[in-house]
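Open the model in your viewer and get ready to select residues.

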Amino acid sequence: MTVTIGNRVVGSGRPVYVIAEIGLNHNGDVEIAKQLIDVAANAGADAVKFQKRTPELATPEHMRTIPRETPWGTMSYLDYRRRVEFGRDEYIEISDYAMLRGLEWFASPWDEPSVAFLEDLGVTAHKVASASLTDHALLSALRDTGKTVILSTGMSTIREIDAAVDVLGTGRLLLMHATSTYPMEPNEANLRMIPALHDRFAGVPVGYSGHERGLQISLAAVALGAVAVERHITLDRTMWGSDHAASLEPTGLEHLVRDIRVIEEALGDGVKRVYPGELAPMAKLRRVPA
């Protein structure tokens with residue numbers, strides 16, 4: 001089974017779809033967002049992803065008044081969320097720039113008005129953050145757009161994933177195995193969930209959304225059949241913000257895309273054959289002909 005995102009078909013036997021997750025690593029600055037789009041395009045990624053919230057709806061009640069130290073001074077968590085949120089004008093600028101660089105862009109809406117906001121801007125797909133997997137009203141709104149929905153499965157039980165898939169259906173669904181620890185340690189990766197999810201959901205394409213340091217786990221996910229890989233990106237892991245430490249810097253993303261393409265080529269098709277490069281060693285070394 002495959003899904004379509006923009007002009008790309010994503011699924012088994014197709015090139016791995018690489019999503020550079022900008023998220024909130026732009027720190028509310030459109031120019032930083034553009035620099036991160038450049039990083040993604042230069043590395044050969046297929047798409048960039050953002051997050052879209054209506055802060056008054058998406059911020060949990062118990063978190064709203066908690067003080068947050070920020071580069072703009074101490075403010076409530078709700079005010080911080082307002083400070084880093086892009087509006088329509090900023091997203092139009094981002095959309096134009098991403099298209100100029102040859103990238104698809106979409107976002108994770110955290111509430112139903114944000115779904116309508118993104119639909120109005122004409123995104124080609126929607127991403128469900130792991131934290132939103134149990135928000136069935138949000139899932140229903142995303143299903144009703146008719147767009148491909150990319151569902152991250154971190155911080156969720158298999159029963160919760162089953163219920164989310166029941167709401168979304170399987171016809172336009174890309175599942176993403178994930179563990180929502182920032183940064184994630186290798187003993188929490190559980191990459192065997194990639195084939196397990198594929199088997200459980202009747203061939204629905206399965207990718208990997210990673211929050212680890214380094215590249216090895218994401219590359220192993222591709223070897224285990226992940227058809228898409230999503231990683232957070234940053235200009236510098238020492239920048240202020242909660243996601244930078246679990247993000248890839250520009251060189252890291254370049255190496256990730258490069259190595260994914262090598263692994264794709266190396267996986268082959270599972271049909272045993274004798275390659276031209278083996279003929280000379282065969283003639284030299286095989287004593288008993290077949």
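Ala, Val, Leu, Ile, Met, Phe, Trp, Tyr, Cys and Pro count here as nonpolar, Asp, Glu, Lys and Arg as charged, and the others, Gly among them, as polar. This is a predicted model: local features need pLDDT of at least 70, side-chain atom pairs count only at pLDDT 80 or more, and totals for chains, interfaces and linings use all residues. Residues are numbered from 1 along each chain as its sequence is written, and side-chain values use heavy atoms, with hydrogens and water left out.

**Stop one: the largest pocket**

Select Gln51, Arg53, Arg81, Trp110 and Tyr182. Of the 33 lining residues, these lie nearest the centre of the largest pocket. A pocket is an open set of points on a 1 Å grid over the protein atoms alone, where a 1.4 Å probe fits, with protein on both sides within 12 Å along at least five of seven lines; lining residues have an atom within 4 Å of a point. The volume of the largest pocket is about 620 Å³. That is the space filled by probe spheres set on the points, which are joined across faces, edges and corners.

Now colour strand S4 (47-52), helix H3 (77-83) and strand S12 (228-232): each gives two or more residues to this lining. Helices (H or I, at least four residues) and strands (E, at least two) are DSSP runs, numbered from the N terminus. Which element gives the most? H3 does, with three residues. The lining has eleven nonpolar, 14 polar and eight charged residues.

**Stop two: the second largest pocket**

This one holds about 310 Å³ of space. Select Ser12, Gly13, Gly225, Ala226 and Val227, the closest to its centre among 18 lining residues. Next, show helix H8 (193-200) and helix H10 (250-267), which each supply at least two lining residues. H8 has the largest share, three residues. Here the lining divides into eleven nonpolar, five polar and two charged residues.
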